[in-house]
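Here are my notes after a pass through this one. Have the viewer open while you read.

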Amino acid sequence: MTWLKRRVRPEQIRELSLLVLIVAAIVMFGSFIDGYYSFRTFNRIASSVAIITVVAVGQTLVVLTRNIDLSVGSIVGFTAYFVGTLIANNNGINPLLAVAIAIAMGAALGVVNGVIVAWGRVPAVVVTLGTLAIYRGVLVDLSGAKTVTTDSLPDWLTGLPLVNVTPIGNLDIRPLFVVALVIVVIFQFGTTYLSFARRFYAIGSNPEAAQLVGLPMKGIVFLAFVICGALAGLGGFMFLVRFGNITVEAGRGLELSVVAAVVVGGVNIFGGSGTVLGAMLGAVMIGTLEQSLFRLGISEFWLDAVLGLLILLAVASDAVILQRLRALWGGADLKLVARGADSGAGEQSAPRP
Amino acid sequence: MRKLLMGAAALALLAALPQHARAQDAMATPGKAVSMVLLPKFLGILPFDQAHKGAEEAAKELKNQTPLQFLGPTPQNSVAGQIEIVTNATTQGVKAIMISNNSGDQIVPAAKAAQAKGIKVVTWDSPIPSSEGEDVFVAQVDFSDIGKVMADMTLDLTGPGGGKFAILSASPDAANQNAWIAAMKTALKDPKYAKLNLVDTVYGNDESEKSYTQAQALVDKYPDLKVIMAPTSVGIVAAAKALQDEKLCDKVKISGLGLPSELLAYTKNGCSPEFALWSFVDLGYLTYYTAYLLATDAMKAEEGAKFKAGRMGEFTITKDPTRAKGLRVLMGPFTVYNKDNVEAGAK
Amino acid sequence: MSVLDRLKGWETMMLALLCAIVALNSLGSPYFLSVGNIVNLFQLSIEKSIVALTMALVIIGGEIDLSVASVMGLAACVMAWTFHEGAPMPLAVLLALAAGVLAGLNNAFWIARVGLPSLAVTLAGLIGYRGVARILLEDRAIGGFPDWFNTLGQQALIGPLTAAILIFFLLFLLFAIILHGSAFGRLVYVVGSNVQAARYSGVRVGLVKSALFVGSAFVAALAGILYAARLGSVRGDMAEGFELDVVTAVLLGGVSIFGGKGNLVGVGLSLLAILNLRNGMGLADITGNTQNDVIGGLLILSVLIPNMWQDVRNKWKGRET
């Protein structure tokens, strides 16, 4: 047990508590809903969270550095729309090229954010509130209020969500979910094992120390925004694939869902702790709640009220579980870093009597 | 004697003439400078662009010296934005405001203020429910008829055996959709539709994403659902894609109100074999003519007023039977689209 | 170091900006400087402006309240629903205010007592309170309020000013006094700049934060009621999305998102600037979308340009020594 206490911190097994909550929710829903445990439900939830998950991975990186990117919804809409228009006008385009363009477009928008935050020293919330409006505005102005229609898109694009990636027996897993999973795995391993990636955590948990140690603060923050933009661009492509019909309003409000996923997933909004995996679990938690509540027969008009309550309970129980774990761990030998990393959910790092 | 008789006959004829003239249509005098505003629910979707096209066509015909202002809010700020635009237009002293009302009765104070300043307020596509602050409503079709058409299309798609169906609407506060759904529910009382069973009404808020997931949720919750009726151009397309992605187009059909150009693929592949719409271009054209005539005092907004609207012919202002109060100009028929005429309609 | 010194910098910049905007507007449209238009300018966004006042306090205190727009909607719906069910209007208004206080207490509990981050809690509130509003009203719109109520929202009360505008000015004075002239105001700054130090100094941080959130929700409820009076009817989606504009106005007013910095004068000036800018653009027939572009750009430039200016000055200083 002491071995465990020395090697692993409570924050690192926070994902476990979230996973437990998700399983509990699924079991509860399953007992009320017939036919809940099926691949259809799985795919339903998986597809709806796939896009949010990919964007949330990028958002996690940004939040780790003590910033935030509120413009992701506009980036998703922007890339979905323009890549969609591009494909509609050039039906023969190479699919991989289209994906690359989407990612590059998102990255370019992320560059703008990153430059202004890192070198302009403008707070991220200010910049991204501004670019949220500006990117959306440019989209509407340049698009001439047309809609990208599925009719104009090539079959490989519109048929993509239907493809069964694992035609083994009864397994039915769809591509969008696989993409999200791959991204999560890549970034989870990256942030855990790449020493370069640990810099994101360092900057967020203790900026002064990071500066003293000589970390290239500006470069790292810039990189976080570029990656976030790139992933939002990928999310935009996935959006195009999933919905086909893209209006200039695409992605509006997405940033809210992404931040909710990140927050529920235990990524500390003050930076320095939280994982990509946690963000994904946060997205899954919210997605499960959303998808299942309707099946439960809860009236359309009760859904949001119940959802708000459940998100609150999820965050609260997560914080409580974490506190219990910390109490369990206890001991001076684990007070590794100053206030920053251990702030968990904010204030309660001050010792409670 | 003859002269007297001729005189009397002429007099009698003259006496008869004004009567005939009173029944004559109001004609627009082209070439005036009338500042008008066309205000859709929000900017960014095709139906409203088409209405704009129609209005511009009318503007050209009428040789209005002042160009038409096409202003609209963003979708998420639709209500506050419409109120703001009406208020600003009142400040600028325009002659007429043509609004597709997304703000329910919340636009009434602003609309009344506009009327107080002598501005003509003409609604189109979606009226002011209480009709206060509104001079006349240019209705694309009769709202009760929409209910019947939707019920008919549902019966067509379920087949004579009937079955379960659901409604996927736009925003829960959209006046026109709510009126159409109410009309449909009334129409369904007819024994002809006895076998149709409306199981649920959900809202997609005119957002592709929400409409898509709502459609999916519907087929999850009601496995033996046969038809989804979506009287919203954004919702119907998203729902069709959702069903296509679920490979359910054989079991569940989509219908409702949608644009042929957007539904082309789905009609051809059978997901949405039948749907209906009217011409938004014509609606914009007619609305412009109505507003121009009112603004130039060529006619008054009162019951019985007749007028000629360019290429569309003759129209009469009548009482609006679908609302407690209010006047309307009824445009015209639907077109029901299926695989035979959808390509032509998509042009 | 005087009041004058403290007012330098951001506020002066905002003032200059405001003058520029007003000048541009007067040139751009002959209708701009009419009394009616100036009143409209305020009226069209008065509820957001009222909420911005408490939002400023909350952000200075180091927190954020994303649920304000939903509380506005909730209060309006509670009022409309109870009125529709037969309650006399004054009672309905009181119940609406009570709903706001309850929402605020709920926020305060989870944030100050349990210790959850305000972003998470008020985000849940944004979704949840709107949901409760929807439960009450579903897809209906409720109107038909008594004349005295509608007049309150729509007609001029004193001179050309409506009740809402008067309330805004009153609240502005009140909060300015609270923030800059009272002990509580000082506590807000302290809690916002360094909450640990505040705690260890014996400040009742929990109480301060609770007061902020309850106050924020109460004022939001009031704003919701005023909004309903102005519009003459209530829908479930009232005030949806307002929180973004409110936060933008506060940040543009020089309040730091990290807490502890900023003042109400700056927020007042930024509100004036934004309202004038939107009005001027509206009169020039610039659509809401482009307006958002401009405000977004303004927000970024308002911080970027002073920073760059600072850099240039530092470079010059470096050269001189």
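1. Ground rules. This is a predicted model, where local features need pLDDT of at least 70, side-chain atom pairs count only at pLDDT 80 or more, and totals for chains, interfaces and linings use all residues. Residues are numbered from 1 along each chain as its sequence is written, and chains are lettered from A and ligands numbered from 1 in the order in which they are written.

2. Chain A overall. You'll find 15 helices and zero strands in chain A; helices (H or I, at least four residues) and strands (E, at least two) are DSSP runs, numbered from the N terminus. Of its 353 residues, 55% count as buried, that is, with 20 or more other C-beta atoms within 10 Å of their own, the C-beta atoms being placed from the backbone. Taking contacts in chain A between residues at least 6 apart in sequence, 79% join residues at least 24 apart. A contact here is two C-beta atoms, placed from the backbone, within 7 Å.

3. A helix pair in chain A. The axes of helix 12 (residues 254-264) and helix 14 (residues 303-329) of chain A come within 10 Å and cross at roughly 30°. Axes are lines fitted to C-alpha atoms, for helices over the stretch in contact, with angles from 0 to 180 degrees between N-to-C directions. That crossing makes helix 12 of chain A roughly parallel to helix 14 of chain A, a label for angles under 35 degrees. Ala260(A), Val263(A) and Val264(A) of helix 12 meet Ile311(A), Ala314(A) and Val315(A) of helix 14. By class that contact has six nonpolar, no polar and no charged residues; Ala, Val, Leu, Ile, Met, Phe, Trp, Tyr, Cys and Pro count as nonpolar, Asp, Glu, Lys and Arg as charged, and the others, Gly among them, as polar.

4. Chain A against chain C. This contact takes 41 residues from chain A and 38 residues from chain C. On the chain A side, helix 6 (124-143), helix 12 and helix 14 each supply at least two residues. That side divides into 29 nonpolar, seven polar and five charged.

5. Chain B against chain C. What does chain B bring to chain C, by class? Here 23 residues of chain B are in contact with 25 residues of chain C. The largest share of the chain B side, six residues, comes from helix 3 of chain B. The chain B side has six nonpolar, 14 polar and three charged residues.

6. Domains of chain B. The assignment, which is automatic or from a database, gives domain 1 (36-140 + 280-332) and domain 2 (143-277). Their centres, taken over C-alpha atoms, are separated by 28 Å. Across the boundary, 13 residues of domain 1 are in contact with 11 residues of domain 2.

7. Helix 4 of chain B. Its buried residues are Val108(B), Pro109(B), Ala110(B), Ala111(B) and Ala114(B). The cover over them includes helix 3, strand 3 (96-99) and strand 4 (120-124) of chain B, together with helix 8 (147-154) and helix 12 (205-231) of chain C. Just after helix 4 of chain B, Gly118(B) has a positive phi of about 90°.

8. Ile97(B). Leaving aside neighbours within four places in sequence, Ile97(B) is in contact with Val37(B), Leu39(B), Val86(B), Ala89(B), Ala114(B), Ile119(B) and Val121(B).

Conventions: Angles under 35 degrees count as roughly parallel, over 145 as roughly antiparallel, 65 to 115 as roughly perpendicular and the rest as oblique. A residue is buried if 20 or more other C-beta atoms lie within 10 Å of its own, exposed if 12 or fewer, and partly exposed in between; C-beta atoms are placed from the backbone.
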